[in-house]
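Here's a quick briefing to read alongside the picture. Keep the structure open as you go and look up each residue when it comes up.

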Amino acid sequence: MSEIKIVFTGSMGAGKTTAIAAISEIPVISTDVRATDADVLQRKETTTVAMDYGELTLEDGQKLRLYGTPGQQRFEYMWKILARGALGLVILIDNSGSDPIGELVRYIDNFREFINETSAVIGISHMDTNPEPDLQSYYSYLQERGIELPVLPVDARSSDSVVMLIQALLAMLEFG
Amino acid sequence: MLAPAIVKQVEVRLDKLLEMCSAVDAVVVATLDGHLCAMKQREKSYSLERLATMGSTLMSLGDTITAELAMGTCDNIISENRNGVVAFMHINDDLVLVSLTTSKNSLGMLLGYSRSCAQDVAKMV
Amino acid sequence: MAHFKITTKALNKNDDVLFKSMLQIVNAQLTAEWSFHDDAEIILVDMEEREGQQFWQQQQAQRVLIAYAREKPAEATWFLPRPIRVKPLIQTLNALAAAQQFLPTAAASSTTTPATTPSISSIPSTPAIKTASPVVSTASLSQDAFDPEQSLIGLLKQAVAKQQAMCFQIAAATPLFFSAKRQQCLTAQLQLNTLAATPTHLYNVSQEQIQCEPIAETAVIKAIAEQGGQFYPLAAIIWLTALSASKGRLIVGHLLQQPVKLKHWPNLAVLPHQPHHIRLAAFMTRNSATLATVAEKTQVSIAQVVDFFNACQLEQLVEHTEQAALLNKNNVSDAKRSLFRGILKRLLQ
């Protein structure tokens, strides 16, 4: 079997690097650089420009590789490179952003083919401080487009929370 | 991002690079997070905005690799290809210079002139 | 505990002996008591034998038949793969036992009160044992149906309606406080795994067993200061109660043979859950199926499927569909399944 990997993608500031760090057994290899976008700087100082990388060793010695993509659309070429051959996709959306549902649309559209072939789970971060849009709004959008993916609030700092997203993803891959 | 006046100065320096080294076909200055600051090319044959972003990705990967191997900072990344050469290099901690030539035998010139240009730009910003 | 009798038909001598001994071996792991009797109503039939096939044709409408073969025959609701192995045997018997308990007349001598005729006129009456298939059986809607109003849920609803802060408790267990002001509940940390291992707790008993006392809002605040604990949304407590109190009984007003689908995933970030609930959510949001089919496809016991369904019903996540619609998803290879299990195991360490 080829490389076993799960890809974390999603909006800038949603916590992709943090989520990978929450479950990786190695220090995350990241390509964060100082951000210059005004909207990024409002939320954080650095941004990922190539990828994040973490890993987990399975019982049989195989490695589960965790890749994080850059968030901004201009790095879209990296999304495709990183998603190639992945088991599935974790899409993280920052609910404190100016247009979280618009962001989701962007990622769904970009990864549509990949999602159709595999599956995805959507994690919404910062819902505790920014409850709107609520989960129902996300589901309404997805239903309009005939997409049946799980949408779950996530705390990217919590390994339990990230593990639940991956559990949901694996369940979708096997039973969904 | 650079102030417009500085961008103008940088563009003048990029023009000079193309004048001084006929082998260089295009040159880009970009922020390390992938924004295009200035660009010059002999013919409008390349999408330099995308090159700027890819340059930042590659430079950042270079930095990550050299840090992982404890080899200090990454000065250049060279992509030698069937139809030309692309060179990526740091101007400073925040800016990247990407230059390219379609002449396969001009790697030395490309690197030398581009490095000199990068040093001049570093002084401007 | 319900008691079921089972026998075999057309099995060769070796398989017959093996089945009888396996039945004894696995009995401790079964949810009901099973014993071998020649005149049993539940019959394991060797479908690869001519005698077995003939018997199946004659008896399938009258008896509860389990097909025994290498491949599942299309006409079989219950199936045990050849050769007999422990795990499939346990799964088949447990699923069958759970389904039998929904039947108005079960092929079992159960210690529980037998089901009576459904009390809601829209529910068609079911003829006495037609087949063992839960697909064509009807949940009893009287004593054997799950009525959430008879559990903690009913008491919580009353408290919400009265806008009254309350304390709920059984025996000396940790109380549950309801704050009308916050519309939330406060209690010690709730672990579904721990609760599942506890025979009796606040969330699985009938409301007569629950001490229920009005308190001042300030008492809730005081309880936080003194006892710690955490606030839970009302929905989480209702969900937990439905999962715990259902005990495999279908919620009042639902037909077991009705195909269902989930509108979307329950918010498992807030709602207490176990790994099999994630599996069920994945399957039920993508497929419209009867609960028996859900159980079969996800390899979750029918009782657990029913509990989950009830909880989803109370969360208003269920939609009823006219016809079952299963996605023709490419079969996931055994290697992939094994990989997924490996990943899950590692993540849950």
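Let's start with Glu51(C), which is partly exposed, with a relative accessible area of 45% (buried means under 20% relative accessible area, exposed means over 50%, and partly exposed is in between, using a 1.4 Å probe and protein chains only). This is a predicted model, where local features need pLDDT of at least 70, side-chain atom pairs count only at pLDDT 80 or more, and totals for chains, interfaces and linings use all residues. Residues are numbered from 1 along each chain as its sequence is written, chains are lettered from A and ligands numbered from 1 in the order in which they are written, and side-chain values use heavy atoms, with hydrogens and water left out.

**Salt bridges in chain C**

- Glu51(C) and Lys9(C) meet in a salt bridge through their side chains, at 3.7 Å from N to O (a salt bridge is a side-chain nitrogen of Lys or Arg within 4 Å of a carboxyl oxygen of Asp or Glu).
- Glu51(C) sits in helix α2 (residues 50-59) of chain C and Lys9(C) in strand β1 (residues 3-9) of chain C, so this pair ties together parts that are 42 residues apart in sequence. Helices (H or I, at least four residues) and strands (E, at least two) are DSSP runs, numbered from the N terminus.
- Lys9(C) is partly exposed too, at 27% relative accessible area.
- Lys72(C) pairs up with Glu296(C) in a salt bridge, the closest N and O atoms being 3.2 Å apart.
- Why does that pair tie together parts 224 residues apart in sequence? Because Lys72(C) lies in the loop between β4 (64-69) and β5 (78-81) of chain C, while Glu296(C) lies in helix α9 (residues 291-298) of chain C.
- Lys72(C) counts as partly exposed at 36% relative accessibility, and Glu296(C) counts as partly exposed at 39%.
- There's also a network of salt bridges, linking Asp15(C), Asp46(C), Glu48(C), Arg70(C) and Arg82(C).
- Over all chains, the count comes to 26 salt bridges.

**Where chains A and C meet**

- Two pairs of chains touch, and the most contacts are between chains A and C (contact means heavy atoms within 4.5 Å).
- Here, 31 residues of chain A are in contact with 34 residues of chain C.
- Together the two chains bury about 3,000 Å², 69% of it on carbon and sulfur atoms. Buried area is the accessible area (1.4 Å probe) that two parts lose on being put together, summed over both.
- On the chain A side, Glu148(A), Glu174(A) and Phe175(A) lose the most area to chain C, together 23% of what that side buries.
- Five salt bridges cross this interface. Glu148(A) forms a salt bridge with Lys261(C), with the closest N and O atoms 2.5 Å apart.
- Glu59(A) and Lys345(C) also meet in a salt bridge, at 2.9 Å from N to O. Glu59(A) is in the loop between β3 and β4 of chain A and Lys345(C) is in helix α11 (residues 334-347) of chain C, so the pair joins two chains.
- Glu59(A) is exposed at 62% relative accessible area, whereas Lys345(C) is partly exposed at 45%.

**Where chains B and A meet**

- How many residues of chain B are in contact with chain A? The count is 16, and they are in contact with 17 residues of chain A.
- Chains B and A bury about 1,300 Å² between them, 58% of it on carbon and sulfur atoms.
- Three salt bridges cross this interface. Helix α2 (residues 48-68) of chain B gives the most to the side of chain B that touches chain A, with nine residues.
- Glu76(A) and Arg50(B) meet in a salt bridge at 3.7 Å from N to O.
- Chains B and C have no contact, and their closest C-alpha atoms lie 26 Å apart.

**Aromatic rings**

- Over all chains there are seven aromatic pairs (rings of Phe, Tyr and Trp, taking its six-membered ring, pair if their centres lie within 6.5 Å; planes under 30 degrees apart count as stacked, over 60 as edge-to-face and the rest as tilted).
- Tyr53(A) and Tyr67(A) form a tilted pair, 5.1 Å centre to centre with 55° between the planes.
- Tyr53(A) is buried at 11% relative accessibility, and Tyr67(A) is buried with a relative accessible area of 11%.
- Trp79(A), Tyr107(A) and Phe111(A) form one aromatic cluster.
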